[in-house]
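Please consult the sequence and the structure shown here.

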Amino acid sequence: MEDLVKGLVNVALDHIRGGDADTHDADSRSRSTWAEVVSANPATGHDSQPSHGTRIKEQDDGTNNDGWETADKYKHHKVNKHKWDQYKRPIDEQDYSCGVETSIDAEPADDELADLSKALSKLWELDLNRLSPGKDYQIDCGEGKKVYQRGDMAQGSLFSWLSEEVLSRPTYSRFCSLLDNYNPHEGYKENVTHEERQEQKAFIEEISRTAPILYLHKYLSAKGVAPENYQDFKNMLMGLWFDLYGRGGTSHSSSAFEHVFVGEIKQREEQEVTGFHNWIQFYLEEAKGRVDYQGYIFPRRRCQSPDSETQLLTIQFEWNGVLKSVSSTLVGVSPEFEIAIYTLCFFLGGEDNYIELGPYPVNIKCYRFGNRLGSAFPVAADS
């Protein structure tokens with residue numbers, strides 16, 4: 001076991017670029033991009049606070065206005081894209097948040113070190129950046145269906161609104177800047193530019209100042225899995241999440257970050273959406289008109305059907321016209337929380353990791369792709 005752990009650490013620290021002899025130039029399709037979401041009330045033309053207005057799926061024509069772009073008529077949020085130019089600069093030339101308050105205890109307790117499930121549950125408590133349903137956002141789950149059923153059971157979009165300040169938060173904003181760096185089609189080689197690499201480093205630097213990542217480092221270093229030096233640990237996270245590997249028969253065509261958070265579309269016999277387990281990506285792609293929410297998947301216990309307060313969802317949707325028959329996501333959690341919990345499961349957990357996250361019994365599924373992180377996502381333990 002010790003040799004396995006050491007091997008995984010070495011893989012996460014190893015940068016695999018340049019080690020592949022495949023020099024075939026795959027078709028350079030335009031990458032998936034997303035627009036900022038408008039906050040103007042279409043009826044008045046004025047900015048408005050989040051409301052419980054009509055939910056529609058029709059897309060409005062986009063117009064640029066001082067860095068903002070209209071996406072969907074009744075969305076109530078704007079994302080400032082101007083900041084993104086700053087994220088492309090060298091990381092030591094950027095401004096970051098001050099970090100965790102001294103009152104926050106990110107030191108793993110003895111019982112948490114002895115029980116991984118308790119450590120994973122602790123991360124939920126440390127997610128100070130998690131959103132509150134009804135206060136920070138509103139969803140409408142629509143009607144339910146079984147996995148094999150086809151057809152749209154949702155009259156409108158999943159998200160009704162998102163509070164205007166959310167995607168301006170430091171870790172959220174930097175996370176958003178990464179989402180348009182990828183070609184969504186599986187098997188097409190990614191070309192990571194120097195500026196995109198700076199965005200990745202800046203994201204890791206920003207989340208490294210949060211409680212979940214500080215706790216992750218202390219936990220992994222106490223277990224001998226992560227280096228005690230914090231900069232070396234950040235390099236390890238960079239390698240684990242952003243280093244490219246082959247998927248779909250093409251080298252350097254995928255990464256853990258792309259698969260888990262952005263999503264990929266298989267190009268084989270029948271197209272299929274894989275990955276895509278992040279609620280922020282879902283919100284933005286839905287606002288842009290690329291995601292069509294089609295209803296939630298019935299839980300085993302019908303009395304536990306999701307509502308607007310539910311933060312663990314199992315749903316069905318189409319992305320760019322391609323079906324994802326069943327997908328699960330934690331709505332409202334922060335980027336740093338998901339990075340922390342999936343990283344901890346990868347290094348110290350198994351394929352199934354049964355835990356309690358607040359009120360939710362969850363199985364964190366974690367799949368390896370060779371020695372890489374292939375996929376990770378939450379599943380309702382009673383589903």
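## Basis

The model is predicted; local features need pLDDT of at least 70, side-chain atom pairs count only at pLDDT 80 or more, and totals for chains, interfaces and linings use all residues. Residues are numbered from 1 along each chain as its sequence is written, and side-chain values use heavy atoms, with hydrogens and water left out.

## Cavities

Three cavities of 30 Å³ or more are present. A cavity is a set of points, on a 1 Å grid over the protein atoms alone, where a 1.4 Å probe fits but cannot get out; lining residues have an atom within 4 Å of a point. The largest cavity holds about 60 Å³ of space, a volume being the space filled by probe spheres set on the points. It is lined by 13 residues, of which Asn278, Trp279, Phe282, Ile315 and Thr329 are the closest to its centre.

At least two lining residues of the largest cavity come from each of helix H10 (279-288), strand E11 (312-319) and strand E12 (322-330). E12 gives the largest share, three residues. Helices (at least four residues) and strands (at least two) are DSSP runs, numbered from the N terminus.

## Asparagine 278

Asparagine 278 lies in the loop between strand E9 (272-274) and H10. It counts as buried because its relative accessibility is 2%, where buried means under 20% relative accessible area with a 1.4 Å probe and protein chains only.

The side chain of asparagine 278 reaches the backbone nitrogen of isoleucine 280 at 3.0 Å.

Note on methods: 1 Å grid on protein atoms, 1.4 Å probe; cavity = no way out; pocket = protein on both sides within 12 Å on 5 of 7 lines; lining within 4 Å. Buried < 20%, exposed > 50% of the residue type's maximum accessible area, 1.4 Å probe, protein only. Polar contact = N/O pair within 3.5 Å; in protein donor to acceptor, adjacent residues only side chain to side chain.
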